[in-house]
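Hello,

Here is the structure for you to look through. My notes on what turned up follow below it.

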Amino acid sequence: MDNILLLAHTEGDGSLGKAGLEALATAVGLGGALTVGLVGAATDAAAGQIAGCGAARFLAVTGEAFAQPRYATDAAAAEALCRAADCPIVIAAGTSRWARALPGVAYRLGGRVDTHATSLALAGGAPAVTRWFYRQRMEAVLSRTQRPWVVLLDPGCVAPWSGTAGTATVEAVSVAAPATRTTVTGYQSPKTDEQTIRPDAKVLLVAGAGWTKKQGDGAVHAVEAEQLILGFLRKAQASLGGSKSVVDLSGEGEAVLHCMTHMNQVGQTGSTPRHAKGLSTCCHGEEPHVVGWRFVNQRRAINLDAGCGWARGKADVLYVADAFEVMRRVNALLGA
Ligand SMILES: Cc1cc2nc3c(=O)[nH]c(=O)nc-3n(C[C@H](O)[C@H](O)[C@H](O)COP(=O)(O)OP(=O)(O)OC[C@H]3O[C@@H](n4cnc5c(N)ncnc54)[C@H](O)[C@@H]3O)c2cc1C
């Protein structure tokens with residue numbers, strides 16, 4: 001097996017995040033001689049966290065300039081680490097930070113990059129990447145002969161590495177901080193009253209446009225809908241997804257769910273979240289929406305319409321019922 005460089009950046013608290021530990025698990029599983037390359041303001045804590053991973057070398061680019069996610073500094077740091085490690089395979093988590101910087105680094109090194117890989121494993125003695133195409137409708141396994149081969153692994157596909165912490169001997173790699181025009185001034189979250197997107201939640205609750213439509217009594221009950229949805233999210237610590245129709249409503253002057261933004265949209269033109277279970281409510285289950293459920297293991301839906309899309313092989317269980325009634329009862333049970 002080729003030698004492997006695992007690139008990882010630290011989080012705000014100096015530790016390695018879950019996505020980085022998942023990439024490390026993949027790197028360890030491949031079996032080649034492993035070098036870890038760390039980037040951050042300080043990397044000792046991160047190196048100690050994974051001291052027991054069996055890496056032959058720990059390299060680090062450190063300094064205040066490398067604390068913030070920014071193309072110029074991240075690319076310079078990663079390029080220096082790749083050159084110092086001189087490994088044919090470079091693995092990193094597909095975080096927004098690495099997704100932005102590493103394709104450019106692969107170009108600088110004369111290598112190739114594959115993004116959104118869901119696994120990297122040996123196939124016939126050579127490393128091969130698994131990747132989905134066409135909005136997760138087709139899966140391909142591909143390998144490359146060019147080196148270095150940089151592979152960005154999507155988070156949530158493997159269990160994160162866990163092992164004993166300790167003290168690692170870290171070799172400093174010096175990089176002159178490049179001239180930067182970008183200063184990170186802070187983070188902005190979508191305009192909602194509370195955090196509703198929880199990628200690590202066990203359950204995904206998806207709300208559709210039905211919550212904002214006239215109900216059996218001829219009236220719209222958007223306020224109660226929002227209370228029921230947020231009540232469930234809080235009690236179950238679930239993540240919130242939405243159909244395209246429901247997230248678009250705010251722009252159309254109709255009754256809206258204020259907890260819903262375009263960031264919540266699941267589907268062909270939205271996200272493809274990974275959760276153990278999903279519950280779809282008041283959502284029809286049309287193909288452009290359901291394609292976003294590709295990685296939700298167990299799917300259930302509540303719809304008044306026994307002929308809705310979910311009934312056509314798209315859900316494991318379909319409750320033909322009024323979602324208002326069901327969620328009132330579910331929340332009461334969760335609260336008990
Ligand atoms: C190119 C393209 C890309 C697209 N991308 C996406 C995408 O990424 N994501 C996406 O979601 N859509 C996408 N769409 C749109 C998609 O085809 C559907 O229009 C959309 O998903 C419908 O949203 P909905 O099911 O919430 O609303 P509706 O179709 O209006 O369905 C509402 C449902 O609520 C049910 N309902 C109403 N009241 C209740 C109640 N009290 N209890 C239970 N059920 C109730 C109704 O029976 C109905 O089935 C895309 C379309 C195209 C053409």
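The shell around the ligand holds 14 polar residues, 11 nonpolar ones and five charged ones. This is a predicted model, so please read every value here as computed from it. In total, 30 residues surround the ligand. The closest are G208, G210, S243, K244 and G267.

Helix packing

Keep α8 in view, as this helix also packs against another one. Two packed helices are described by the angle between their axes and the distance between the axes. For α5 (residues 222–236) and α8, the axes come within 10 Å. They cross at roughly 35°. The crossing of α5 past α8 is left-handed.

Which residues meet there? From α5 come E224, L228, G231, F232, K235 and A236. From α8 come F324, M327, R328, V330, N331, L334 and G335. By class, this contact has seven nonpolar residues, three polar and three charged.

Two domains

Now step back to the whole chain. It is divided into domain 1, residues 4–172, and domain 2, residues 203–335. Taken over C-alpha atoms, the centres of the two domains are separated by 36 Å.

How many residues of each domain are in contact with the other? Four residues of domain 1 touch five residues of domain 2. On the domain 1 side, two of the residues are polar and two are charged, with no nonpolar residue.

The chain overall

Some totals to finish. The chain has 336 residues, and 40% of them count as buried. There are eight helices and 14 strands. Along its principal axes, the C-alpha trace spans about 70 × 45 × 40 Å.

How far apart in sequence are the residues that contacts join? Take the contacts between residues at least 6 apart in sequence. Of these, 69% join residues at least 24 apart.

Best wishes

How values were computed:
Residues are numbered from 1 along each chain as its sequence is written. This is a predicted model: local features need pLDDT of at least 70, side-chain atom pairs count only at pLDDT 80 or more; totals for chains, interfaces and linings use all residues. A residue is near a molecule or strand if its C-beta atom, placed from the backbone, lies within 6 Å of it. Ala, Val, Leu, Ile, Met, Phe, Trp, Tyr, Cys and Pro count as nonpolar, Asp, Glu, Lys and Arg as charged, and the others, Gly among them, as polar. Domain bounds come from an automatic or database domain assignment. Two residues are in contact if their C-beta atoms, placed from the backbone, lie within 7 Å. Helices (H or I, at least four residues) and strands (E, at least two) are DSSP runs, numbered from the N terminus. A residue is buried if 20 or more other C-beta atoms lie within 10 Å of its own, exposed if 12 or fewer, and partly exposed in between; C-beta atoms are placed from the backbone. Axes are lines fitted to C-alpha atoms, for helices over the stretch in contact, and angles run from 0 to 180 degrees between N-to-C directions. A crossing is left-handed if the near helix is turned anticlockwise from the far one by less than a right angle, and right-handed if clockwise.
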